[in-house]
Amino acid sequence: MGRYIVKRLLTAIVAFFGITIITYILASLMPGTPLDMLVQPGSGLSAEEIAEIEHRMGLDQPLIVQYFYWLGNMLQGNFGTSYSQYRPVWDLLMDRIGPTLLLSISSLVIALLIAVPLGTIAGYKAYSGWDYGSTIIAFIGRGAPTFFVALLLIYVFSIQLGWLPASGMYDAGSTGSFTQLVAHMALPCATMVLANIGVFTRQMRNSAVECLSEDYIRTARAKGMSEKTVLFKHMLRNALQPVVTSAGLALPSLVGGSIVIEQIFAWPGMGTLMLRSIQGRDYPTIMGITVLISVVVLVGNVLLDILYRLLDPRIGDKA
Amino acid sequence: MSEKQTVLEVKNLTVSFYTKAGKLTAVNGINFDLHAGETLAIVGESGCGKSVTSMAIMRLLDEKTSEIAPTSSVKLKGEELTKLSNKEMSKIRGNAISMVFQDSLTSLNPTLTIMSQMVEPFMRHQGMKRKEAEKQAVEMLRKVGIPNPEVRAKQYPHELSGGMRQRVIIAMALSCKPAVLICDEPTTALDVTIQAQVLRMVNDLKKDLDTAVIFITHDMGVVAEMADRVMVMYGGNSVEKGSCYDLFTNPLHPYTKGLLASIPKINDNSRLFTIKGTVPSLKDMLCGADGQE
């Protein structure tokens, strides 16, 4: 187990450097430069002054030099200063990561808490009313575009009923209480949950159906185990694996936030920051977000591998 | 043998499946008795209803897709099994009657240690605490000839060989000293030397616990080795019943004769004998057909 974890970590470090190189190149390939955003046409700056700014920002250096300059700083914890907001990137990230994680983790947990039992029942009672009912919910959740669901929820609960606020994290000008936070979170969270339960429920259902036809389930029944034991001890552990995989695949969006949902609900998270920094060709911020997401994803994948190992002892003995 | 107590009485056992082609009868009015300490072999080719018979006795068939006819009766020590609720039946399964399946690789849960699967019958049927059940489980593993049972118990099924896994399954099935043990082709997936070991072990344990055994197989060699009595099945019907000796020396039914003639002989260079035709599909079977010309 120890060797397994070390090996996974080493692979993750190699992958991390690969990711930073590729993103750096891709970011610089985007049309337009930060100078276009900073120096508006008609600003009255002379060509020399513009060249001076370019030099000070290091933009006149070859790409590879810029990359290593950035990498050296980053490894010392200096992510640079945002071109568009003139604040250290690290501070921007720390401001945004909290709200994003709050929203995405709570909606993932709620989605799993709904989808796993629902899928299990649907699989256990395959081709029953439960099964068809959960299929319909899953298809609606998966099929309806998030922006549509979001707007629909805002229309019903904020505009028509007036129960819930439609945007932001707290009421404007207030210091913000927990109940306010929950009220503001309800709609974006519901949108995300609905989008997620579709996949999770279907996966759990199919996985449960498959597991229940396995020989070891028959053995458990032949031993006289109660249906509860058969389901929770013998089936669930095996059936959870595909769901763990897709929950793991959701990791990047956990940290990166959902651009669409955060934008619609004006949620001050990573998604909106990402969108704004791409629009502003704000390389340091884009790179900062990318680094943060990739670190979380890579660490998450290592954790996921360990979780797999715990769920299924056959995995990774020789890996 | 006849002075021994009758432990299992199967009368007119009829099992049907609901399919798209209609209601099909897979087992058609099977009758047999089983005495304590006796081994009954059920033989026949694939699809003749051997396994369905045993699954029906255990009540392990899916009730949504199958039906045990209301006229059927399965009595275990006088208690009628076919009318029990699933909950009541689960207290009997693995306790008074248990079953060993064919494929040892897939019959154990891959994600649980041998120990956590072995303790289950003790805890469920004998109300033992985990500690006590663990002791019993190790004892049982030792009885089926697993070396180092304390170490093996902590391992997962994939770390054991096929023969060892099958021993574990047999140990699990016998842990509550059942009156009846059903073995559904328990040695088919094993190689011949391991097969012989497992068969000998089942025989020894059977004598030890005075358990009655139903042995399902299509291997006539295994039948000769294990069985006191034999029931030959064809197309869901029992076509011949008799003592093992009678059946081998004087088969009466043409199908039994064919089955025996199909055993390859070592000093005979002629072509292998085959029974003509295939087992008819259930939906082609006429009502009351029993393989007789």
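**Pockets and confidence**

A: The lining of the largest pocket splits into nine nonpolar, four polar and 11 charged residues. Ala, Val, Leu, Ile, Met, Phe, Trp, Tyr, Cys and Pro count as nonpolar, Asp, Glu, Lys and Arg as charged, and the others, Gly among them, as polar. This is a predicted model: local features need pLDDT of at least 70, side-chain atom pairs count only at pLDDT 80 or more, and totals for chains, interfaces and linings use all residues. Residues are numbered from 1 along each chain as its sequence is written, chains are lettered from A and ligands numbered from 1 in the order written, and side-chain values use heavy atoms, without hydrogens and water.

Q: Which residues lie nearest the centre of the largest pocket?

A: A:Leu212, A:Arg221, B:Asp62, B:Glu63 and B:Lys64, out of 24 lining residues. A pocket is an open set of points on a 1 Å grid over the protein atoms alone where a 1.4 Å probe fits, with protein on both sides within 12 Å along at least five of seven lines; lining residues have an atom within 4 Å of a point.

Q: Which helix gives the largest share of that lining?

A: H9(A), with four residues. Helices are DSSP runs (H or I, at least four residues), numbered from the N terminus.

Q: What about confidence: which element of chain A has the highest mean pLDDT?

A: Helix H9 (residues 215-222) of chain A, at 89. Helix H2 (residues 34-38) of chain A has the lowest, 67. pLDDT is the predictor's confidence in each residue, from 0 to 100.

Q: And what classes line the second largest pocket?

A: 12 nonpolar, nine polar and one charged. H4(A) gives the most, five residues.

Conventions: Helices (H or I, at least four residues) and strands (E, at least two) are DSSP runs, numbered from the N terminus.
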